[in-house]
Amino acid sequence: MNLSEKTQLNLLEGSQTNNLDSIPFDLTPIEMANLYTNSALLVTIMGFLKEQLWLQGKEDNKTGNNTSYRDFILPLFQKELAPVLFLKSYLLESGAKNIKKVTKNSEKIEKKVISLIIEKSFKNQKDFIIQSLSNMKELFIREETEDQGLRLYRTFDKLDDIFNLDYEQDKTLIVDPLNKERLYEGAGVGVQSGYSTILLALENIDLSEKSRIIDLGSGYGRVGLVCSLLRPDINFIGYEYVPHRVKLSNKTSESLDLEKTLKFITQDLSLDTFKIPDADVYYLYDPFTKDTYESVLKQIVEISKRKKITVVTKGNASNWLNEIANDNNWSKPVYIDDGNLCIFKSCD
Ligand SMILES: C[S@@+](CC[C@H](N)C(=O)[O-])C[C@H]1O[C@@H](n2cnc3c(N)ncnc32)[C@H](O)[C@@H]1O
């Protein structure tokens with residue numbers, strides 16, 4: 001068992017979780033990241049166990065069996081619970097009655113670690129985020145490739161606190177009633193790409209060195225922040241209509257010393273006067289109205305005629321790109337995450 005695993009187990013077993021302020025966290029940023037991702041994961045796992053126990057109860061009622069907690073949980077360590085194998089004895093002993101308590105304590109640990117790392121230097125924060133993202137990627141790839149019941153899409157959203165992505169700022173947004181653009185005002189985290197989407201996209205686009213990525217409608221900047229942290233060699237631009245989102249993402253980019261390679265720009269992409277710069281990868285997560293899609297994608301097709309490009313879509317944006325891929329003889333798209341993430345490549 002490594003130090004972060006021992007710490008997690010000690011915290012869960014002991015009574016210190018009532019007062020986490022009283023204990024010293026003598027962990028490196030890397031160990032803190034491991035403690036964070038394992039605690040966040042355990043919260044999701046506990047939710048999963050609660051749901052599965054309920055289903056088991058229903059099944060038992062039907063069959064007249066009385067499955068013990070041990071018999072219920074042991075097989076789950078083969079798959080869903082495999083990443084927390086170090087907690088096997090603890091979870092077996094704590095039993096079904098403690099699911100709520102384990103969840104609450106794990107949430108407390110998760111929150112505490114994040115609040116501690118926020119106080120550290122930007123270098124420590126960077127190390128923490130990069131290690132967290134690497135742990136998350138491993139888990140997301142398992143989820144994508146194995147047939148298992150855990151859903152990790154929102155498990156690591158607390159990482160937003162380190163990026164200081166304060167979605168509440170949308171409350172100050174006043175949208176002109178004549179404005180037809182899709183600005184998703186007030187929709188917060190629900191309309192930012194999940195960390196799983198971004199990490200799986202990066203894993204699958206085969207990004208060559210010094211590539212340029214453009215996020216068309218970059219929201220609060222999650223995609224750019226993750227890509228730039230993991231690939232410091234690349235150049236990333238995010239265009240976004242809403243100024244306060246741009247301001248906030250640039251502030252985070254600067255606080256993590258990424259500003260040389262990561263920039264967010266306030267821009268209405270529906271304007272014909274704006275020329276989209278050449279890039280190797282374009283990212284679109286359902287940003288536009290029909291008219292804006294048409295004018296933006298017209299430019300993207302023109303760019304694809306001079307250079308090979310990759311277009312990554314999340315959500316319904318793939319419908320638009322499917323049509324373009326067909327019309328321009330692009331290769332067949334790669335579908336990830338049940339088709340929610342699609343990767344299109346133009347021809348050479
Ligand atoms: C669903 S969000 C995706 C945010 C980000 N790309 C992500 O994946 O996390 C779409 C974003 O596109 C922006 N958007 C919509 N119309 C736009 C336009 N005409 N010009 C620039 N940005 C626009 C919205 O304000 C919103 O923040």
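The C-alpha centres of domain 1 and domain 2 lie 31 Å apart; the domain bounds come from an automatic or database domain assignment. This is a predicted model, in which local features need pLDDT of at least 70, side-chain atom pairs count only at pLDDT 80 or more, and totals for chains, interfaces and linings use all residues. Residues are numbered from 1 along each chain as its sequence is written.

**Domains**
- Domain 1 covers 3–163 and domain 2 covers 167–345.
- Contact between the two involves 19 residues of domain 1 and 17 residues of domain 2, where contact puts the C-beta atoms, placed from the backbone, within 7 Å.
- On the side of domain 1 that touches domain 2, α6 (122–145) and α7 (160–163) each supply at least two residues.
- The largest share of that side, 11 residues, comes from α6.

**Whole chain**
- The chain has 12 helices and 7 strands, which are DSSP runs numbered from the N terminus (helices: H or I, at least four residues; strands: E, at least two).
- The C-alpha atoms fill a box of roughly 65 × 50 × 45 Å along the principal axes.
- Of the 348 residues, 39% are buried, meaning that 20 or more other C-beta atoms, placed from the backbone, lie within 10 Å of the residue's own.

**Around the ligand**
- S193, G217, G219, Y285 and P287 come nearest among the 26 residues around the ligand; a residue counts as near if its C-beta atom, placed from the backbone, lies within 6 Å.
- Both α9 (222–230) and β2 (235–240) supply at least two residues of this shell.

Technical notes
Buried ≥ 20, exposed ≤ 12 C-beta atoms within 10 Å, placed from the backbone.
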